[in-house]
Amino acid sequence: MAEKKQLSYAITIDFLYELIEESENQVAVLKLLLEGFLQGTYGSHDLMEIVIEILWANNSLLRLIDQEIETAVVQKNKKSGEEEFLLTETSMVTLQQLVLSKYYSVMDLNRRSYSLSMH
């Protein structure tokens, strides 16, 4: 049997650090929001599912990035000069899924008049 060749993808270090910062900020706000829901400050509990889903996605994203940073190969992009991490296809697909899940859940929360923006 022929081995399936694993593709690798490049992602800029700056982008990953932006994801980390965004996720850490959202986790801080989500913890306060979740506490408010549990204490009845923010009304109904039906939004807790969305809050928990976003919290899970952010924490999973942070764990994945942390693992990748420890083992990733760093290279300099020849065209832009930016430093990039090389990720495996599996890691990149997982990263994309978590970012999309988080995005759509945050949009759902925003439609219900709740924001995760830090003021």
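## How H1 meets H3

In this predicted model, helices H1 and H3 pack against each other at an angle of about 40 degrees. Their axes sit 13 Å apart. What do we call two helices set at that angle? H1 and H3 are oblique to each other, because an angle counts as roughly parallel only under 35 degrees. As for handedness, H1 passes H3 in a left-handed crossing.

## How H1 meets H2

Now look at H1 alongside H2. The axes of these two helices come within 9 Å, and they cross at roughly 150 degrees. That makes H1 roughly antiparallel to H2, since the label applies to angles over 145 degrees. Here, too, there's a handedness to note: H1 passes H2 in a left-handed crossing.

What sort of residues make up the contact of H1 with H2? You'll find 19 nonpolar ones there, along with 4 polar and 1 charged.

## A look at Leu33

Let's zoom in on one residue of H1. Helix H1 covers residues 13-39, and Leu33 is found in it. Is Leu33 buried or exposed? Its relative accessible area is 6%, and anything under 20% counts as buried, so Leu33 is buried.

Along the sequence, 82 residues separate Leu33 from Ser115, yet in space their C-alpha atoms are 9.6 Å apart.

## The space inside

Next up: empty space. Rolling a probe the size of a water molecule over the atoms shows where such space is left. How many cavities of 30 Å³ or more turn up in this model? The count comes to 1. The largest cavity holds about 40 Å³ of space.

Which residues line the largest cavity? If you want to pick them out on screen, look for Leu16, Leu64, Ile65, Glu68, Leu87, Ser91 and Leu95. Two elements each give two or more residues to this lining: helix H2 (48-71) and helix H3 (89-111). H2 gives the most, with 3 residues.

Sorted by type, the lining of the largest cavity has 5 nonpolar residues, 1 polar and 1 charged.

Key:
Residues numbered from 1 in each chain as written. Predicted model: local features only at pLDDT ≥ 70, side-chain atom pairs only at ≥ 80, totals over all residues. Heavy atoms only, no water. 1 Å grid on protein atoms, 1.4 Å probe; cavity = no way out; pocket = protein on both sides within 12 Å on 5 of 7 lines; lining within 4 Å. Points joined across faces, edges and corners; volume = space filled by probe spheres on them. Helix = DSSP H or I, 4+ residues; strand = E, 2+ residues; numbered from the N terminus. Nonpolar A, V, L, I, M, F, W, Y, C, P; charged D, E, K, R; others polar. Buried < 20%, exposed > 50% of the residue type's maximum accessible area, 1.4 Å probe, protein only. Axes fitted to C-alpha atoms, helices over the stretch in contact; angles between N-to-C directions. Parallel < 35°, antiparallel > 145°, perpendicular 65-115°, else oblique. Left-handed = near helix turned anticlockwise from the far one by under 90°.
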